[in-house]
Amino acid sequence: MAEGYKMYQVSTLQALALGYSRAVITVEELLKEGDTGLGTYEDVNGEMIVLDGHCYRARHDGSVVEAAPDAGIPFCAVSKLHSEREFRMGAMPDIQSIRTELTRKIEERFGLNSMHVVRIDGTFDKVDARSEAPYRSHHVTLKTVLDSNQTAFVFENIRGSLVGVYYPDHMDGINMPGWHLHFLSEDRTKGGHVFDVCMKEGTVKLDKINRIEINLPRDAAFDTYSLKTASEDEIKKVEKG
C-alpha cells in the first residue's frame, strides 16, 4: 500500500444538500474509478449502491435495477475495495451499534482522521430504508425534495450487503461525517439508503483510505450556490430521517 487507497468523489454533500442535482459524470465513467460505494442520480432519481463493480439504482419503492451506463450522477463516493481488513460481526440490534463497532475497529488502528470504505455481507432481521422519485428542479434543498418525494420501506428476514463510507469530522461538508450506509439485497432486487437495521451476523470487509479525488461540477450554475450556507441540521435530518 505504498500510495494508499483512493476515494473518488463527485461534487460535495453541501452542493447536493442545497439542490445541485445535475449530472457531473456518467455511470460508465464512475465505474472506472471504483467498484464499491454509494451516491445518487441526476434529479435525485433514487439511491445508488455500487457493489462488485456494478452500479445499482434503488427506485422510490425499494425495488432495484442496474443503472444504465449513460445515467447521470451529481454526487457519489466510491473506491476500489481491497478488503485490507476482514472480520466477523455478531448480532447488532440497530444501526448505531454497527456504527459504534465499526468506529471501534478503525480506532484500533488510529484511523479516525482518515476515510474508510466498508462492505458488510450478512443476514438481517430488518432493514429500515428509503429512496425517492426524481425531482426536476434546482436550488431546491435536498430536505425539501425528500419531504416531497421520499418513500420509506422495511425489508424483513433478508440477506444482503451494507455498503458504506466513513468520513472524519474535519471533512464535514465535503461529505457526511461518520458512517453512511446503503443496502442491497443478495438477489439484487431490493435496496436503499439505510435509516436503521437489525443484523443477525455479518462478514465485514474494510479499507482505510488516505487519498481523495473530488470531481467538481464544471458548469457555471455550480458557482451560484453558496455552499457554506448548507445547514448542518438539515444534512443530519436527511441522513438519519
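**Note on the predicted model**

1. Of the 241 residues of the protein, 55% count as buried. The model is a predicted one, and the points below go from the whole chain to single residues.

2. The protein holds five helices and 14 strands. Its radius of gyration is 16 Å, close to the 18 Å that the globule rule gives for 241 residues, so the protein is as compact as a globular protein of that length. The C-alpha trace spans about 45 × 40 × 35 Å along the principal axes.

3. Counting contacts between residues at least 6 apart in sequence, 78% join residues at least 24 apart.

4. Strand β10 covers residues 115–132. Of its 18 residues, 14 are buried, so β10 is largely enclosed by the rest of the structure. A reader tracing the sheet could begin with this strand and its pairings, given in the next point.

5. Which strands does β10 pair with, and in what direction do they run? One is β11 (residues 150–167), joined to β10 by 16 bridges and running antiparallel to it. Another is β13 (residues 191–209), also antiparallel, with 15 bridges to β10.

6. Gly39 is part of strand β3 (residues 36–40). Is Gly39 buried or exposed? Its relative accessible area is 6%, under the 20% cut-off, so Gly39 counts as buried. Leaving aside residues up to four places away in sequence, Gly39 touches Glu47, Met48, Phe75, Cys76 and His182. Cys55 lies 16 residues from Gly39 in sequence, and the two C-alpha atoms are 10.0 Å apart.

7. Most residues other than glycine have a negative phi, and most peptide bonds are trans. Asp43 has a positive phi, near 60°, and Asp52 also has a positive phi, about 55°. Neither residue is a glycine.

8. These aspartates sit in loops. Asp43 is in the loop between β3 and β4 (47–51), while Asp52 is in the loop between β4 and β5 (54–58). Asp43 is buried, with a relative accessible area of 8%. Asp52, at 43% relative accessibility, counts as partly exposed.

9. Where is Leu112 placed? Leu112 is in the loop between α3 (95–108) and β10. Its relative accessibility is 32%, which lies between the 20% and 50% cut-offs, so Leu112 counts as partly exposed.

10. Apart from residues up to four places away in sequence, Leu112 touches Thr103, Ile106, Glu107, Tyr166 and Pro168. Asn45 is 67 residues from Leu112 along the chain, and their C-alpha atoms are separated by 32 Å.

Terms used:
Residues numbered from 1 in each chain as written. Predicted model: local features only at pLDDT ≥ 70, side-chain atom pairs only at ≥ 80, totals over all residues. Heavy atoms only, no water. Helix = DSSP H or I, 4+ residues; strand = E, 2+ residues; numbered from the N terminus. Rg over C-alpha atoms; globule rule 2.2 N^0.38 Å. Buried < 20%, exposed > 50% of the residue type's maximum accessible area, 1.4 Å probe, protein only. Contact = heavy atoms within 4.5 Å. Pairing = 2+ DSSP bridges.
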